[in-house]
Every structure is written in C-alpha cells, then in structure tokens.
Amino acid sequence: MNTVTRLLASDTVTDAHGDAIHGDPAFSEHDDHGAGGVHIAYEDLYASMVFFAMIYVFGQIAARLLRMPSLVGEIFAGIILGPNLVDYVPYPISFVMLGEIGLILLVVEAGIDIDLTTLKLIGSRGLIIAIIGSILPIAIAFVIALGLDPDNITSAISAGACFGPTSLGIAMNILRQGKIVNTPVGQLIVSAAVIDDMIALIILSQLSALSGEASVAAIVIPIVSALAFLIIGGYIAVFQLPKFLDKYFYPKIKQESHGSAGLGLMFVILFAMMPATYYGKCVSIMARFLEKMM
C-alpha cells in the first residue's frame, strides 16, 4: 500500500504544521475527495452566492428607488446579513479580507485617476480643506463625548477620531458613479480625503500608543513616518519620478509595451510600499495612493 492509499485509509490527517487531527468531521465528511484539499460545504457556498446577489439587489434598491449611491444599499446588506444581525454570511473573516483587497484596488484606481496638473493647481486648497474637514468634526465629537463623560478623556479623543476620516474608498465609489473623478472638484475631494484620513489615523495611532506603555518612539514614529511619506513621497511622485521615467525607463521599452511595463512597475512599487508603511507605522492607504500617483 503506497503513502497516498495509507493516508486515505486512515482517519488521522495532519494540518499545515504537521500536527495530527483525529477524526475531524470536516475531513471525514469529504474524505472521498482526498484529505489534502480544502473543502467547502454546499450550504456555505450557496449562502455566499446569495450574499453576493443581495449586495447587488440592495445596491440597486438604493440607487433606483431611493436615489442614493448604491454603496449605501451595499453597506446595509452587509450590516443586515452580517454577524451582528442575521449572521447569514459564512466565513465573515474571508469577506473582510476580500474587502481589504478591494479597498487596495480602489485606492490604486484613485491614484491612477489623479491628474497631476490639476493636483498642482489645487494642492494648497486641498490641504486647507483636508485640515478643516478633519479637525472640525474631531473637535465637535470630542466636545460632545467629553460632555457626556468628563472623566474619560481617552474615550472622548477616540470618539473624535472616529468622525475624522473622510474614507477615500467611499468617496471614490461615489465620485466614480457621479462621473466627476477627473473634474477639478473630484480631484480636490480625492486629495483632501487622503490627507484627511492621514490626520485621523495618526490620532488613532496615538491612542493605541497611549493605551499601552507610552514611549517617545511609539508616539513620535507614526507622526514622523506619515509626514515623511506624505511630503517626501508626494514630492517624488509629482515632481521627480515622472521626469525619471520619461528619461530613463520608457525610452528603453517598445512603444506598444509601455502599458504592460507601467503596470508591472506599479505593482512592484505597491509591494515595496505596503511593508514599508506597515513597519514604519504609517497610514498604508496614503502610501498606496502615493504609489499609484508615481
């Protein structure tokens, strides 16, 4: 009897770490398909397909009947069918991961859609709008939360920080539906949303540092890192890298291959920027946005 036959005949299998799993129902139920695969129950597969269909239906109801962005209906579909209410969605952590991947691709699209010429013209206005649009709701929420619980300043700061982010992902979805991404107003909103999110997430990072053992490094590094990526990375993306690519990169590539080469370079920079911002304790969404501008 060979190794595969002995494995199939046994009721003991091993996991990815080599630990024995005795009589696991998930394996014994589907052992006719082989012990080494990942098996999904029919009920879970069907529920996932229904969930995707309901996302579309809720989105269409919001768009056509309520005259609202379809994203509003899609969010309600997730809330209603998610684990907090009906708990119909199987493997919710898998859908969260898919959502994170989708957010990355959405921010990639935001960076690609940015018109550098327009961005240079609205740069200062975008900065002012982002600062006001972030500080004002943070301050209002902080005052309200502090009034409800004067002794808990940390909770008040946390409540304020929750009202700060504009959410680039939601903004891009709505701007794209309205077909105004490439207009001056759309460019202004996108650039302001990136800075807005950075300010709010820096505040949240400070709360995380203060909740544990507070140290100078834990407080200073996120701020310095975020500002460095925004100022230095933004300067390179807008003023330096386009000249470098036009002079040294694209002339060495055939004209018909420029699109493929640019796409490959884009993902190379993406895979470099993601760990850099993560270990630098920076706002990773901002870095992905800057990387796409490059």
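Which helix gives the most to the lining of the largest pocket? The model examined here is predicted, with local features needing pLDDT of at least 70 and side-chain atom pairs counted only at pLDDT 80 or more, while totals for chains, interfaces and linings use all residues. Residues are numbered from 1 along each chain as its sequence is written, and side-chain values use heavy atoms, with hydrogens and water left out.

The pocket question is settled by H5, which contributes 9 residues to the lining of the largest pocket. Helices here are DSSP runs (H or I, at least four residues), numbered from the N terminus. The largest pocket holds about 980 Å³ of space. A pocket is taken, on a 1 Å grid over the protein atoms alone, as an open set of points where a 1.4 Å probe fits, with protein on both sides within 12 Å along at least five of seven lines, and lining residues have an atom within 4 Å of a point. The volume is the space filled by probe spheres set on the points. Of the 27 lining residues, Ile55, Glu74, Ile75, Phe95 and Gly99 are the closest to the centre of the pocket. Two or more lining residues come from each of H3 (42–65), H4 (70–81), H5 (92–113) and H8 (168–177). By class, the lining comprises 16 nonpolar, 9 polar and 2 charged residues; Ala, Val, Leu, Ile, Met, Phe, Trp, Tyr, Cys and Pro count as nonpolar, Asp, Glu, Lys and Arg as charged, and the others, Gly among them, as polar.

The packing of these helices comes next. The axes of H3 and H4 (lines fitted to C-alpha atoms over the stretch in contact, with angles from 0 to 180 degrees between N-to-C directions) come within 7 Å and cross at roughly 135 degrees. H3 and H4 are therefore oblique to each other, given that angles under 35 degrees count as roughly parallel, over 145 as roughly antiparallel, 65 to 115 as roughly perpendicular and the rest as oblique. Their crossing is right-handed, the near helix being turned clockwise from the far one by less than a right angle (anticlockwise for left-handed).

H5 and H8 pack at about 60 degrees with axes 9 Å apart, which makes H5 oblique to H8. Their crossing is left-handed. Leu103, Leu106, Val107, Glu109, Ala110 and Asp113 of H5 meet Leu168, Gly169, Met172 and Arg176 of H8, a contact of 6 nonpolar, 1 polar and 3 charged residues.

Finally, H10 (216–249) and H11 (258–279) have axes that come within 14 Å and cross at roughly 155 degrees, and the two are therefore roughly antiparallel. Phe229, Leu245 and Phe249 of H10 contact residues of H11 including Leu265 and Met273.

Terms used. Contact means heavy atoms within 4.5 Å.
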